[in-house]
Amino acid sequence: MYEPIRSKSVHSTMADGTTDFPHRSRDEELDIQLAGHLAALLAVTDELRALAPDADLDAAADRLAEQMTRLRGGQAPVRLQVAATRPEPRPAALHRRAHTLAARALVVAASRADTAVAILAAERMDAHSAALDPREFAAS
């Protein structure tokens, strides 16, 4: 009545474990994601430093770079000297962006139980929200 199946099932070939791509653990994937969020936060921090040099931003940038180096197994992040290129700098938009990036980093750091990065991200969120007028922050 039915013809027998002559080829291997898709499910059995996937179960063989003979894939052509490397597998990473969940922790490795979270490390990569966290390093990406921190890299984006560092770029925004450097841009804010170019607009208005500040010792707090300098210290934050150094701490972000330190954590990225740790997550990347000793490879330091590439940092560019940023110059204010816009004729009308928008520090409020940069602070909102930095707050969002710090929040994303906090979520991933909490997920992988990285206390050092979680504390750093929470501090950066506080610093960027404090730098904004409450009305500006609500507008985002």
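## Overall fold

Along its sequence, the protein reads α-α-α-α-α-α. That comes to 6 helices and 0 strands. Helices (H or I, at least four residues) and strands (E, at least two) are DSSP runs, numbered from the N terminus. The model is predicted: local features need pLDDT of at least 70, side-chain atom pairs count only at pLDDT 80 or more, and totals for chains, interfaces and linings use all residues. Residues are numbered from 1 along each chain as its sequence is written, and side-chain values use heavy atoms, with hydrogens and water left out.

## Surface and contacts

The protein has 140 residues, and 29% of them are buried. Buried means under 20% relative accessible area, exposed over 50%, and partly exposed in between (1.4 Å probe, protein chains only).

Take the contacts between residues at least 6 apart in sequence: 72% of them join residues at least 24 apart. Contact means heavy atoms within 4.5 Å.

## Helix α4 against α5

Two packed helices are described by the angle between their axes and the distance between the axes. For α4 and α5, the angle is about 160 degrees and the axes are 8 Å apart. Axes are lines fitted to C-alpha atoms, for helices over the stretch in contact, and angles run from 0 to 180 degrees between N-to-C directions. The angle therefore makes α4 roughly antiparallel to α5. Angles under 35 degrees count as roughly parallel, over 145 as roughly antiparallel, 65 to 115 as roughly perpendicular and the rest as oblique.

The crossing of α4 past α5 is left-handed. In such a crossing the near helix is turned anticlockwise from the far one by less than a right angle; clockwise would be right-handed. On the α4 side, the contact uses His 95, Ala 98, His 99, Ala 102, Ala 103, Ala 105, Leu 106 and Ala 109. On the α5 side are Val 117, Ala 118, Ala 121, Arg 124, Met 125, His 128 and Ser 129. By class, this contact of α4 with α5 has 10 nonpolar, 4 polar and 1 charged residues. Ala, Val, Leu, Ile, Met, Phe, Trp, Tyr, Cys and Pro count as nonpolar, Asp, Glu, Lys and Arg as charged, and the others, Gly among them, as polar.

## Helix α3 against α5

Helix α3 spans residues 55-71. Its axis comes within 11 Å of the α5 axis, and the two cross at roughly 150 degrees. α3 and α5 are therefore roughly antiparallel. α3 passes α5 in a left-handed crossing.

From α3, the contact takes Asp 56, Leu 57, Ala 60, Arg 63, Leu 64, Gln 67 and Arg 70. From α5 come Ala 116, Val 117, Leu 120, Glu 123, Arg 124, Ala 127 and His 128. The contact of α3 with α5 has 7 nonpolar, 2 polar and 5 charged residues.

## Helix α2 against α5

α2 and α5 pack at about 35 degrees, with axes 13 Å apart. Their crossing is left-handed. Leu 34, Leu 38, Leu 41 and Leu 48 of α2 meet Val 117, Arg 124 and His 128 of α5. The classes here are 5 nonpolar, 1 polar and 1 charged.

## Residues on α2

Helix α2 covers residues 26-51 and includes Arg 49. Arg 49 is partly exposed, at 26% relative accessibility. Leaving aside neighbours within four places in sequence, Arg 49 is in contact with Leu 57, Asp 58, Ala 61 and Arg 79. The C-alpha atoms of Arg 49 and Gln 81 are 9.9 Å apart, across 32 residues of chain.

Gln 33 also lies in α2. Gln 33 is partly exposed, with a relative accessible area of 41%. The C-alpha atoms of Gln 33 and Arg 104 are separated by 9.6 Å, and the two residues are 71 apart along the chain.

Ala 113 sits in the loop between α4 (91-111) and α5 (115-130). Ala 113 is not a glycine, yet has a positive phi of about 60 degrees. At 63% relative accessibility, Ala 113 counts as exposed.

Ile 119 lies in helix α5. Ile 119 is partly exposed, at 44% relative accessibility. The C-alpha atoms of Ile 119 and Ala 109 are separated by 9.0 Å, with the residues 10 apart along the chain.
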